[in-house]
Amino acid sequence: MTDPRFLQENCCQNRKKPDSNMIYCPVEATLNLIGGKYKALILWNLVGRTLRFSQLRKEVPRATPKMLTQQLRELEADGLIQREVFAVVPPRVEYSLTAFGKSIQPVLRAMYAWGSDYLQERGFEVNCTMAL
């Protein structure tokens, strides 16, 4: 979820009309939504597919269950992902991108391309499971 201080002090999400005294920075707004430690990785892994929590844990192995849960809740609260709970035993929960979440794909692809170039220029081979 977006930091309440950010909403009150820095951005337009809680405002019906623009405030001439505020600074509205597109980069800051974007980073506020996807700048969490694992948010971009979660979003990247949900592009074109629906995943359960256990599948996301495998895709983002460095995230602790607590951190992954927190990041998923924030992405859901910001409208980037949707969480669907199925009334079965044991409970099943699936995550997928919303239409708004799908709109971030070009940004994620640009980050992947830039990061690939950065690593290769420094002599590292891209060896993660992600691909364009």
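Q: Angles of 65 to 115 degrees count as roughly perpendicular, and those under 35 as roughly parallel. In this predicted model, are α3 and α5 roughly parallel or roughly perpendicular to each other?
A: The axes of α3 and α5 come within 10 Å. They cross at roughly 70°. That angle lies in the 65 to 115 range, so α3 and α5 are roughly perpendicular.

Q: Which residues of α5 make the contact with α3?
A: On the α3 side, the contact uses K39, I42 and L43. By class, the residues of this contact divide into 5 nonpolar, 1 polar and 2 charged. The α5 side supplies L68, Q71, L72, E74 and L75.

Q: How many helices does the chain have?
A: Read along the sequence, the pattern is α-α-α-β-α-α-β-β-α-α. There are 3 strands. The number of helices is 7.

Q: At what angle do α2 and α3 pack?
A: Helix α2 covers residues 26-34, and helix α3 covers residues 39-46. Their axes are 8 Å apart. The angle makes α2 roughly perpendicular to α3. Its value is about 75°.

Q: Which residues of α3 touch α2?
A: From α2, the contact takes N32, L33 and I34. Counted by class, the contact has 4 nonpolar, 1 polar and 1 charged residues. From α3 come K39, A40 and L43.

Q: Is N32 buried or exposed?
A: N32 sits in helix α2. Its relative accessible area is 16%. Buried means under 20%, so N32 is buried.

Q: How far apart in space are N32 and D78, C-alpha to C-alpha?
A: In sequence, N32 and D78 are 46 residues apart. In space, the C-alpha to C-alpha distance is 9.8 Å.

Q: Are α3 and α7 roughly parallel or roughly perpendicular to each other?
A: The axes of α3 and α7 are 10 Å apart. The packing angle is about 110°. Since 65 to 115 degrees is the range for this class, α3 and α7 are roughly perpendicular.

Q: How many charged residues are in the contact of α3 with α7?
A: The contact is made by A40, L43 and W44 of α3 and L108, R109, M111 and Y112 of α7. Of these residues, 6 are nonpolar and none are polar. The charged count is 1.

Q: How many of the 8 residues of α3 are buried?
A: The buried residues in α3 are K39, A40, I42, L43, W44, N45 and L46. So α3 is largely enclosed by the rest of the structure. The count is 7.

Q: Which element gives the most to the largest nonpolar core?
A: This core has 24 residues. α2, α3, α5, β3 and α7 each supply at least two of its residues. The most, 5 residues, comes from α3.

Q: Which residue with a positive phi follows α3?
A: Helix α3 covers residues 39-46. The phi value in question is near 75°. The residue is G48.

Q: What share of the 132 residues is buried?
A: The accessible surface of the chain comes to about 9100 Å². Carbon and sulfur atoms account for 55% of that surface. Buried residues make up 30%.

Conventions. Residues are numbered from 1 along each chain as its sequence is written. This is a predicted model: local features need pLDDT of at least 70, side-chain atom pairs count only at pLDDT 80 or more; totals for chains, interfaces and linings use all residues. Side-chain values use heavy atoms; hydrogens and water are left out. Axes are lines fitted to C-alpha atoms, for helices over the stretch in contact, and angles run from 0 to 180 degrees between N-to-C directions. Helices (H or I, at least four residues) and strands (E, at least two) are DSSP runs, numbered from the N terminus. Angles under 35 degrees count as roughly parallel, over 145 as roughly antiparallel, 65 to 115 as roughly perpendicular and the rest as oblique. Contact means heavy atoms within 4.5 Å. Ala, Val, Leu, Ile, Met, Phe, Trp, Tyr, Cys and Pro count as nonpolar, Asp, Glu, Lys and Arg as charged, and the others, Gly among them, as polar. A nonpolar core is a set of buried Ala, Val, Leu, Ile, Met, Phe, Trp, Tyr and Cys residues joined through side-chain atoms within 4.5 Å. Buried means under 20% relative accessible area, exposed over 50%, partly exposed in between (1.4 Å probe, protein chains only). Accessible areas come from the Shrake-Rupley method with a 1.4 Å probe; for residues, only the protein chains shown count as cover.
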